[in-house]
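Let's take a walk through this one together, starting with a ring and a charge and moving on to aromatic pairs and helix packing. Have the viewer open as you read.

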Amino acid sequence: MSPIVDSFVAHFGEMGSRWGINRTVSQVYALLLVSENSLNADDIGEALGISRSNISISLKELEAWQLVKLTRKPGDRREYYATLGSVWDIFKAVAAERRRREVEPTLTMLRQALLDPSVAESEGYALSRMREMYELAELANNWFDELQRLSPESMLQLMNLGSKVQKLLVLKDRTVAALTGNND
């Protein structure tokens with residue numbers, strides 16, 4: 001690997017472990033991301049200095065996240081791996097998997113707790129806080145559905161709006177306050 005690729009792969013491994021993703025899985029993914037051609041497990045292991053079994057486990061995890069695609073080459077029995085197309089495809093796949101693994105189980109747990117008729121009245125504060133959490137998570141989940149349907153160009157435009165949206169909302173609040181006489 002070139003020094004720049006080696007640096008990127010090492011950094012991605014560090015960041016992956018901070019995000020709760022196995023370091024080796026992150027390094028394998030980083031290598032695939034910057035590789036022009038698909039790689040087989042032997043190529044990956046040689047480049048990273050990682051055992052074949054560890055590479056195999058990492059590739060299975062990446063397949064579970066739907067972050068890599070498997071291909072074959074004519075006359076070669078080995079499996080070759082590459083990342084998804086664009087960074088937007090990757091972003092959507094990671095977000096969808098995080099949603100499936102983290103958000104949906106939390107929403108289910110909160111929904112069940114809030115609908116449980118056996119919860120005592122003395123749990124009012126806890127239920128109130130759980131309802132707030134549920135409403136926020138449900139709102140974010142619904143917003144995620146809308147984001148998944150956007151084209152990469154529309155997602156980029158939305159992200160580029162950034163603080164402009166906040167300024168617009170502040171202006172709206174000031175205008176409403178001025179029109180209603182609520183200038184607190």
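Which ring does the charged end of lysine 73 sit over? In this predicted model, that ring belongs to tyrosine 80, and the charged end of lysine 73 lies 4.2 Å from the ring's centre.

Phenylalanine 12 has a relative accessibility of 18%, so it counts as buried, whereas tryptophan 19, at 46%, counts as partly exposed. Both belong to an aromatic cluster made up of Phe8, Phe12, Trp19 and Tyr29.

Another edge-to-face pair is formed by tryptophan 88 and phenylalanine 91, with 6.3 Å from centre to centre and 80° between the planes. These two are three residues apart in helix α5, so about one helical turn separates them. Phenylalanine 91 has a relative accessible area of 38%, which makes it partly exposed.

Helix α5 (residues 87–115) packs against helix α7 (residues 152–161) at an angle of about 80°, and the axes are 10 Å apart. With that angle, α5 and α7 are roughly perpendicular to each other. On the α5 side, Trp88, Phe91 and Lys92 make the contact, while α7 brings Pro152, Met155, Leu156 and Met159. Sorted by type, the residues of this contact are six nonpolar and one charged, with no polar ones.

Methods: Residues are numbered from 1 along each chain as its sequence is written. This is a predicted model: local features need pLDDT of at least 70, side-chain atom pairs count only at pLDDT 80 or more; totals for chains, interfaces and linings use all residues. Side-chain values use heavy atoms; hydrogens and water are left out. Axes are lines fitted to C-alpha atoms, for helices over the stretch in contact, and angles run from 0 to 180 degrees between N-to-C directions. Helices (H or I, at least four residues) and strands (E, at least two) are DSSP runs, numbered from the N terminus. Angles under 35 degrees count as roughly parallel, over 145 as roughly antiparallel, 65 to 115 as roughly perpendicular and the rest as oblique. Contact means heavy atoms within 4.5 Å. Ala, Val, Leu, Ile, Met, Phe, Trp, Tyr, Cys and Pro count as nonpolar, Asp, Glu, Lys and Arg as charged, and the others, Gly among them, as polar. Buried means under 20% relative accessible area, exposed over 50%, partly exposed in between (1.4 Å probe, protein chains only). Rings of Phe, Tyr and Trp (its six-membered ring) pair if their centres lie within 6.5 Å; planes under 30 degrees apart count as stacked, over 60 as edge-to-face and the rest as tilted. A charge sits over a ring if NZ of Lys or CZ of Arg is within 6 Å of the ring centre and within 35 degrees of the ring normal.
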